[in-house]
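Okay, thanks for having me, everyone. I'll walk you through one structure today, so let me put it up on the screen.

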Amino acid sequence: MDRIQTARLNDLNGIRKLNTLLKIVDISDFYWNTDPYIKAAITENRCFIIKDDSMIMGTMIMECRNPEKRYPRKSLAIGTLSVRPEFRRNGLGLLLVSHARAMARQEKK
């Protein structure tokens with residue numbers, strides 16, 4: 001069974017909490033953990049989670065890059081990837097990266 005799920009709007013709070021782990025400096029408007037950034041990713045099906053019954057253990061948001069956004073060519077990139085500290089070193093990050101690679105290959109076709 002694939003443990004990765006496409007995030008839903010009711011996952012927003014858990015994703016925001018995980019994305020606050022990405023904050024490496026004290027920036028008041030760090031966009032990775034803002035509701036508009038996360039909501040856009042969820043509604044565009046670019047946000048993925050791994051969760052158990054009680055919490056989100058890992059999350060990844062994909063970025064769509066294209067010439068309209070001043071990128072040289074259309075591509076996918078990992079915008080954010082975070083795993084709760086107590087679940088690190090269990091392969092969850094690698095699972096999310098593998099999912100991103102599969103998405104990129106599918107998009108290329």
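Let's start with T6: its bridge partner in strand 2 is F48. Quick caveat before I go on: this is a predicted model. That T6 bridge sits where strand 1 meets strand 2, residues 47-51, and those two pair in the antiparallel sense over three bridges.

Now zoom out. What order do the four strands of the open sheet take? They run 1-2-3-4, with antiparallel pairing. At the edges you've got strand 1, residues 4-6, and strand 4, residues 75-83. Each of those has a single partner strand, so one side of each is left without a neighbour in the sheet. And if you ignore direction, neighbouring strands here are turned by 25 degrees against each other on average.

Okay, helices. Helix 1 packs on the sheet and touches strand 2, strand 3, which is residues 56-65, and strand 4. Its direction makes about 85 degrees with that of strand 3. Helix 2, residues 35-43, packs on the sheet as well, touching strands 2, 3 and 4. For helix 2, the angle to the direction of strand 3 is about 80 degrees.

Is N19 buried or exposed? Buried: its relative accessible area is 0%. So what's it in contact with, leaving aside its neighbours within four places in sequence? For N19 that's W32, N33, I38, T59, I61, T80 and S82.

That's my tour, happy to take questions.

Terms used: Residues numbered from 1 in each chain as written. Predicted model: local features only at pLDDT ≥ 70, side-chain atom pairs only at ≥ 80, totals over all residues. Heavy atoms only, no water. Buried < 20%, exposed > 50% of the residue type's maximum accessible area, 1.4 Å probe, protein only. Contact = heavy atoms within 4.5 Å. Pairing = 2+ DSSP bridges. Axes fitted to C-alpha atoms, helices over the stretch in contact; angles between N-to-C directions.
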